[in-house]
Amino acid sequence: MNKISEDKIKENWPNAVEGDLEHPELGFIHYWTGEQRGRIVVRFSYTDQEEGESKKMFFIDLSKEGWILRHISTFQSQDSKLKLVKNQSFREQDELEQKYRGIIDLFLESRKLRNHL
């Protein structure tokens, strides 16, 4: 399963908020997000995204200085349900953080604007 079915996400994560961002280089990026106890969880999906990256969930904590990526988990399909498995590779997490830094910044900026309205 390369891309996760949007219906499968709705079924397994019914309280997630969906939205779209326009990235200057990547075009439109669809996201799913939720917040709980000061932690933001977000998943990104876009047209030319590398295989498997749409399964990644970014767990982000906000601080006065900015944001901190706590960890990344991956959706895995198991018994017709989605399960999150925590990424154990620091190297992969560092690479994904660098790759998605601009997207996360754009997402957090749009979140800030939405919350002010």
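Helices (H or I, at least four residues) and strands (E, at least two) are DSSP runs, numbered from the N terminus. In these terms the protein holds two helices and six strands, and from the N terminus on its elements follow the order α-β-β-β-β-β-β-α.

This is a predicted model, in which local features need pLDDT of at least 70 and side-chain atom pairs count only at pLDDT 80 or more, whereas totals for chains, interfaces and linings use all residues. Residues are numbered from 1 along each chain as its sequence is written, and side-chain values use heavy atoms, with hydrogens and water left out.

The radius of gyration, taken over C-alpha atoms, is compared with a globule rule of 2.2 Å times the number of residues to the power 0.38. With 117 residues, a compact globule would have a value near 13 Å, and the protein agrees with this because its own value is 14 Å.

| Property of the protein | Value |
|---|---|
| Box filled by the C-alpha atoms, along the principal axes | roughly 40 × 35 × 30 Å |
| Buried share of the 117 residues | 43% |

Buried here means under 20% relative accessible area, exposed means over 50%, and partly exposed lies in between (1.4 Å probe, protein chains only).

One residue can be followed more closely. Serine 89 sits in the loop that lies between strand S6 (81-86) and helix H2 (90-116), and serine 89 counts as partly exposed because its relative accessibility is 29%. Between serine 89 and glutamine 36 there are 53 residues of separation in sequence and 25 Å in space, C-alpha to C-alpha.
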